[in-house]
Amino acid sequence: MQRLLQLVNWLGKLIGVRGDYILHFGVCFLSSLTSYEGAWAAFGASLAAEYKDSITPGKFWSWWDLFADGLGITAGLAVNMAIKAIIN
């Protein structure tokens, strides 16, 4: 797990974003890649996580986290649809 976090942080530095955004994007991408239900699950989990952050002392709601989640969901669904189009 430590190696994965190091890789995520390295990738974030490489492209100029926080590693946290890479994780948000990646989890939502993988979830949305599987199915439309996975995309809805990623959307719900994203909102739930941000709500939890908003009521936790010392944390806050982050629109940037939701933006990264949305990009991951959109990219995952696009790849999902492209694969289905190629197969059919």
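This is a predicted model: local features need pLDDT of at least 70, side-chain atom pairs count only at pLDDT 80 or more; totals for chains, interfaces and linings use all residues.
So, let me start with a question: is Leu7 buried, partly exposed or exposed?

The protein has 88 residues, and its secondary structure is quick to describe: 4 helices and 0 strands. Reading from the N terminus, that gives you α-α-α-α. If you take the C-alpha trace along its principal axes, the span is about 50 × 30 × 20 Å.

Okay, back to Leu7. You'll find Leu7 in helix 1, and its relative accessibility is 48%. Exposed would need over 50%, and buried would need under 20%, so Leu7 counts as partly exposed.

Now look at the surface around there. There's a nonpolar patch made of Met1, Leu4, Leu5, Leu7, Trp10, Leu11, Leu14, Ile15, Val17 and Leu23. Together those residues have about 970 Å² of accessible area. Which element gives the largest share of the patch? That's helix 1, residues 2-15, with 7 residues.

Next up, helices 2 and 3. Helix 2 covers residues 19-34, and helix 3 covers residues 36-55. Their axes are 6 Å apart, and the packing angle is about 150°. Anything over 145 degrees counts as roughly antiparallel, so that's what we call this pair. And who's doing the touching? On the helix 2 side, you've got His24, Cys28, Ser31, Ser32 and Thr34. On the helix 3 side, the contact comes from Gly38, Ala39, Ala42, Ser46 and Glu50.

Phe60 sits in the loop between helix 3 and helix 4, and helix 4 is 63-87. Is Phe60 buried or exposed? Its relative accessibility is 58%, and the cut-off is over 50%, so Phe60 counts as exposed.

Let me finish with the whole protein. Buried residues make up 28% of the chain's 88. The protein exposes about 6200 Å², and carbon and sulfur atoms supply 73% of that. And if you take the contacts with a separation of 6 or more, 57% of them join residues 24 or more positions apart.

Note on methods. Residues are numbered from 1 along each chain as its sequence is written. Side-chain values use heavy atoms; hydrogens and water are left out. Patches are made of residues with over 30% relative accessible area and no salt bridge: like charges are joined within 9 Å, nonpolar side chains (Val, Leu, Ile, Met, Phe, Trp, Tyr) within 5 Å. Accessible areas come from the Shrake-Rupley method with a 1.4 Å probe; for residues, only the protein chains shown count as cover. A salt bridge is a side-chain nitrogen of Lys or Arg within 4 Å of a carboxyl oxygen of Asp or Glu. Helices (H or I, at least four residues) and strands (E, at least two) are DSSP runs, numbered from the N terminus. Buried means under 20% relative accessible area, exposed over 50%, partly exposed in between (1.4 Å probe, protein chains only). Axes are lines fitted to C-alpha atoms, for helices over the stretch in contact, and angles run from 0 to 180 degrees between N-to-C directions. Angles under 35 degrees count as roughly parallel, over 145 as roughly antiparallel, 65 to 115 as roughly perpendicular and the rest as oblique. Contact means heavy atoms within 4.5 Å.
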